[in-house]
Amino acid sequence: RVGRRFCSRVCGRRMARALVWLAVSPVLSHCSLLDGLTFLSEGVTRSGDAFTKEPFETWAVLECEECDMIGSAWTTKRINYTYVQGPPGAHELLPPPIGLRSAVPLGGVGAGSFELRGDGSVAEVTIINQSPAGAAKMTSMDGLLVGLRDAASGVAKLFRTHSPPGSALPAAALADSLRYRGAYPVSEWDMADEKLPAGLKPRLTALSRFRVGDAPRSSAPSVAFVLEVANTGDEPREVSLFLTLPLGVVENYARPSSNRSVVAAADPAECLARCQDVAETCAAWEFEAATSQCALMPNVPLGVYRRGSWSGVRGLWQSEPDCLTLDWPSPPGGPAAGNASLCTGAPGGEGVAFATARSVEELFSAFAATGALSGVDKRGAFGAVAVSATIPPRSSANISAALSWYFPDRDYMGQNIGNFYATQYASSAAVGRDLLASLDRSVADIRCFHG
């Protein structure tokens with residue numbers, strides 16, 4: 001307790017001394033990551049909550065949620081509001097918990113972002129240079145999953161209360177409830193679940209770098225995910241963090257183009273494989289669920305929202321001891337040319353495992369079985385990392401990983417104006433490593449920003 005009170009008082013250089021990286025594990029030690037940060041509101045989402053969307057019209061100009069045009073300025077006068085369905089027979093719509101309709105945008109300033117909502121779902125994705133003057137934003141990114149596994153009990157859980165539409169994730173993987181809090185640039189979730197061991201209390205923190213008056217430092221295109229686990233028991237516990245990278249296959253996102261050839265495919269992963277089979281003529285692909293048609297394109301058209309469509313850019317995975325990277329070698333230049341990475345803070349990759357697969361369900365199933373992953377197929381559809389650490393009795397520890405991206409050719413009405421972050425970094429792996437290596441300083445910056 002004395003240590004936690006000390007952490008809540010330190011700031012700036014003193015904070016950097018208070019947080020210490022262990023030399024042999026990806027664990028940020030000594031005190032709670034952002035102990036003392038004040039959140040003005042919070043909301044609890046439960047797995048039994050039933051959500052519905054109701055249209056809302058106004059005379060004011062709003063930002064579209066499902067943007068289906070390129071360069072459309074993202075304006076609309078009609079949106080769908082999320083509500084909680086009232087008790088059976090009551091015919092009552094209730095306001096949803098905090099974090100359901102919107103959440104803190106995560107990502108560097110001017111570098112693209114996404115929202116990780118109170119129920120663990122992902123929305124408002126703009127990390128691949130989406131903007132009102134270019135490609136439409138991705139309405140969702142259902143393949144982004146964060147989870148944990150306790151080795152002693154074998155219990156594996158996701159920081160999600162509801163399964164994504166059409167997902168084959170097991171119901172047992174979902175959390176009973178998540179308590180969400182947010183204050184820019186931080187989001188935080190406390191998980192409660194009756195299947196978790198009594199002595200295990202997990203908290204997930206997601207944060208971006210932000211330092212007042214320092215644009216270069218604040219523009220890093222990355223998000224750190226930190227799993228803080230309190231072990232209140234008398235025995236050591238081995239706990240693992242699970243994080244996916246889903247940009248290989250994006251749901252409800254089309255890439256309109258007249259320059260395409262059509263082949264048959266059973267699912268989006270097979271459509272991606274068809275594109276990879278003809279790499280010399282295919283740069284992007286699109287799968288239409290209603291017709292099972294797979295469109296292969298020699299260029300990379302800008303994307304728009306379209307329900308029932310999946311699309312992506314032909315890419316290859318590369319694995320290093322501390323990072324897994326999806327590289328999109330699309331035609332030179334263009335807003336979708338670049339890469340995205342999952343990185344860890346583990347020296348030499350100790351306690352770290354990477355894998356790729358046709359689906360996130362396959363990746364989570366492997367993680368839930370053993371707490372580890374194996375097998376990087378460079379042509380896989382989805383990637384994931386598992387990071388393990390042992391927590392001493394009656395103490396807590398933080399297990400960290402970063403999701404980072406690097407798409408240097410930002411467009412504006414067809415013109416390549418570039419991204420500022422491209423002057424600071426040369427790849428997504430470089431961004432992820434930098435974020436994790438200086439996570440203590442980033443925490444200090446955030447705490448000082450909030451006073």
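## Strand 27 and its partners

Strand 26 (residues 352-357) pairs with strand 27 in the antiparallel sense over 6 bridges; helices (H or I, at least four residues) and strands (E, at least two) are DSSP runs numbered from the N terminus, and two strands pair if DSSP finds at least two bridges between them. Within this pairing, F354 stands opposite V385 of strand 27.

Buried means under 20% relative accessible area, exposed means over 50%, and partly exposed lies in between (1.4 Å probe, protein chains only).

## Basis of the description

The model is predicted: local features need pLDDT of at least 70, side-chain atom pairs count only at pLDDT 80 or more, and totals for chains, interfaces and linings use all residues. Residues are numbered from 1 along each chain as its sequence is written, and side-chain values use heavy atoms, with hydrogens and water left out.

## Overall form

The chain contains 7 helices and 30 strands. Its radius of gyration is 21 Å, close to the 22 Å that the globule rule gives for 451 residues, so the chain is as compact as a globular protein of that length. The radius is taken over C-alpha atoms, and the rule is 2.2 Å times the number of residues to the power 0.38. Along the principal axes, the C-alpha atoms fill a box of roughly 65 × 55 × 45 Å.

Of the 451 residues in the chain, 55% are buried. Among contacts (heavy atoms within 4.5 Å) with a separation of 6 or more, 64% are between residues 24 or more positions apart. The chain exposes about 18,400 Å², of which carbon and sulfur atoms supply 53%; accessible areas come from the Shrake-Rupley method with a 1.4 Å probe, and for residues only the protein chains shown count as cover.

## Strand 15 and its partners

Strand 15 covers residues 200-207 and is largely enclosed by the rest of the structure, because 6 of its 8 residues are buried. Strand 14 (residues 186-192) runs antiparallel to strand 15 and is joined to it by 5 bridges. In this pairing S187 stands opposite A206 of strand 15.

Strand 16 (residues 222-231) pairs with strand 15 over 8 bridges, in the antiparallel sense. One of the facing pairs is T205 with V226 in strand 16.

## Salt bridges

There are 25 salt bridges in the structure, each a side-chain nitrogen of Lys or Arg within 4 Å of a carboxyl oxygen of Asp or Glu. R78 and E57 form one of them, with their closest N and O atoms 2.5 Å apart. This pair links distant parts of the chain, as R78 is in strand 5 (residues 75-85) and E57 in strand 4 (residues 51-63), 21 residues apart. R78 is partly exposed at 46% relative accessibility, whereas E57 is exposed at 55%.

Helix 4 (residues 268-277) contains E270 and R274, which are 4 residues apart and thus separated by about one helical turn. Their side chains meet in a salt bridge (3.6 Å, N to O). D277 forms a salt bridge with R379, the closest N and O atoms being 3.0 Å apart. This pair is 102 residues apart and links distant parts of the chain, with D277 in helix 4 and R379 in the loop between helix 5 (360-370) and strand 27. R379 is partly exposed at 32% relative accessibility, and D277 is partly exposed at 49%. Elsewhere, a network of salt bridges links E42, R179, R181, E188, D190 and R203.

## Disulfides

The structure has 4 disulfides, each a pair of cysteine sulfur atoms within 2.5 Å. C64 and C67 are joined at an S to S distance of 2.0 Å; the link is right-handed, with 105 degrees about the S-S bond, and both cysteines are buried. C275 and C282 also form a disulfide, with sulfur atoms 2.0 Å apart. The torsion about this S-S bond is about -105 degrees, so the disulfide is left-handed. Both C275 and C282 are buried.

The sulfur atoms of C323 and C343 are 2.1 Å apart in another disulfide. C323 lies in strand 24 (residues 323-328) and C343 in strand 25 (residues 338-344), so the pair ties together parts 20 residues apart in sequence. The link of C323 and C343 is right-handed, with 115 degrees about the S-S bond. C323 is buried at 0% relative accessibility, and C343 is buried with a relative accessible area of 0%.
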